[in-house]
Amino acid sequence: METGHQKATGDSKAKQEDAKAGGAADTELAEAIMSRRFHPSVIGPETWEGYVFSDLEIRIKESTDLYGAILWPSAMVLCHFLETNRDAFSLAEKNVIELGAGTGLVTIVSSMLGAKVTSTDLPDVLGNLQYNVTRNTKNRCKYIPLVTELIWGQQVPQRFPRATHRFDYILAADVVYGHPHLDELMDTFDYLCQDHTQILWAMRFRLDPENSFVDRFRQRFHLEELYDLPSLSIKLYRAWRRAGDRTADPAEL
Ligand SMILES: C[S@@+](CC[C@H](N)C(=O)[O-])C[C@H]1O[C@@H](n2cnc3c(N)ncnc32)[C@H](O)[C@@H]1O
């Protein structure tokens, strides 16, 4: 008969095995995601990084003086998910908004998957964002993304009235970090997310207190973890709103 000690040892071994398997899965997935990135073989006057989507090359121009101007791993994580789950989470013909689009990779991949994308960020970032979006979506996508300003918490209802701006998906990659506008970001998610909307959000974990954002987010939205990638310190979440008694998953509506 198994003693308590033997059972505890067995349980902890099983946990270690699970952790090892989880670690291997994490490393494998993280490697698959990061292997999509490539760099120019010849250094030219323009600094850019590449990302492979299906068999297509996406070139992202960087302007490293701004936060939005680097190809961040979270964006690659979200793009990988969208590409490899295109049946379960089809973006074709869907209305999509991206918050804090930065250099535009997620916007570009979403457009290549057939979405009608509104790509948003701070005014200073829009020039480079527009350049990357135009360069990579022209003659490749059914719908050319709309690049436009959205400063979290500022004039959002006026600029995006709910009656005319109904988004099926809100996409966000690495928008939570030590900036002073986390409350405004939360309010922006809250305003844009209607009953049928799904949020796909890649979160890079750095230091507290911004990580407590996830706990506060959970109070307003149902949160499902899609990827956990400790080696990249990134989790990918799907969320939808908690509204009154409604608990239905919008994917099933
Ligand atoms: C770390 S970057 C991530 C960029 C992009 N999503 C990616 O993963 O490559 C954060 C983005 O949030 C944007 N951002 C920061 N504060 C913002 C605000 N108050 N309103 C709108 N966008 C903001 C930045 O301009 C930047 O593009």
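Two strands count as paired if DSSP finds at least two bridges between them. Strands (E, at least two residues) and helices (H or I, at least four) are DSSP runs numbered from the N terminus.

The structure shown is a predicted model, in which local features need pLDDT of at least 70 and side-chain atom pairs count only at pLDDT 80 or more, while totals for chains, interfaces and linings use all residues. Residues are numbered from 1 along each chain as its sequence is written.

**Stop 1: the whole chain**

Of its 253 residues, 35% are buried. A residue is called buried if 20 or more other C-beta atoms lie within 10 Å of its own, exposed if 12 or fewer do, and partly exposed in between, with C-beta atoms placed from the backbone. Two residues are in contact if their C-beta atoms, placed in that way, lie within 7 Å. Among contacts between residues at least 6 apart in sequence, 66% join residues at least 24 apart.

**Stop 2: the sheet of seven strands**

Select the 7 strands that form an open sheet with mixed pairing, in the order E6-E5-E4-E7-E8-E10-E9. Its edge strands are E6 (146-149) and E9, each of which pairs on one side only. On average, neighbouring strands of this sheet are turned by 20 degrees against each other, direction ignored.

Next select E8 (residues 198-204) together with E10; they pair in the antiparallel sense over 6 bridges. Within E8 and E10, Ala202 stands opposite Leu236.

**Stop 3**

Move to strand E9 (221-229) and strand E10 (234-241). Their pairing is antiparallel and runs over 8 bridges. Leu229 has Ile234 in E10 as its bridge partner. The hairpin that E9 and E10 form has 4 residues between them. Select Ser233 in the turn, where phi is positive, about 55 degrees. Ser233 counts as exposed because it has 12 C-beta neighbours inside 10 Å.

**Stop 4: Asp174**

Asp174 lies in the loop between strand E7 (169-173) and helix H6 (182-192). Phi of Asp174 is near 55 degrees, a positive value in a residue other than glycine. Is Asp174 buried or exposed? Asp174 counts as buried because it has 23 C-beta neighbours inside 10 Å.

**Stop 5: helix H3 and its partners**

Select helix H3 (residues 105-112). H3 is mostly covered, with 8 of its 8 residues buried. Among them are Leu105, Thr107, Ser111 and Met112. H3 lies across strand E4 (95-99), strand E5 (116-121) and E7, and runs at about 175 degrees to E5. Such angles run from 0 to 180 degrees between N-to-C directions, and axes are lines fitted to C-alpha atoms, for helices over the stretch in contact. Gly114, which follows H3, has a positive phi near 95 degrees.

To see the contact, show Ala75, Leu78, Cys79, Leu82 and Glu83 of H2 with Leu105, Val106, Val109 and Ser110 of H3. These residues divide into 7 nonpolar, 1 polar and 1 charged. Here Ala, Val, Leu, Ile, Met, Phe, Trp, Tyr, Cys and Pro count as nonpolar, Asp, Glu, Lys and Arg as charged, and the others, Gly among them, as polar.

**Stop 6: the nonpolar core**

A nonpolar core is a set of buried Ala, Val, Leu, Ile, Met, Phe, Trp, Tyr and Cys residues joined through C-beta atoms within 7 Å. The largest one has 58 residues, and those with the most contacts inside it are Val77, Leu78, Leu105 and Ile170. H2 supplies the largest share of this core, 7 residues.

Centre the view on Leu105. Leaving aside neighbours within four places in sequence, Leu105 is in contact with Tyr51, Ile58, Ile60, Leu71, Ala75 and Cys79.

**Stop 7: the sheet of three strands**

Finally, select the 3 strands that form an open antiparallel sheet in the order E1-E2-E3. The edge strands are E1 (37-38) and E3 (56-61), each pairing on one side only. E1 and E2 (residues 48-53) pair over 2 bridges, and Phe38 stands opposite Gly50 in E2.

Pro40 is placed in the loop between E1 and E2. Because Pro40 has 12 C-beta neighbours inside 10 Å, it counts as exposed. A distance drawn between the C-alpha atoms of Pro40 and Gly50, 10 residues apart along the chain, spans 7.6 Å.
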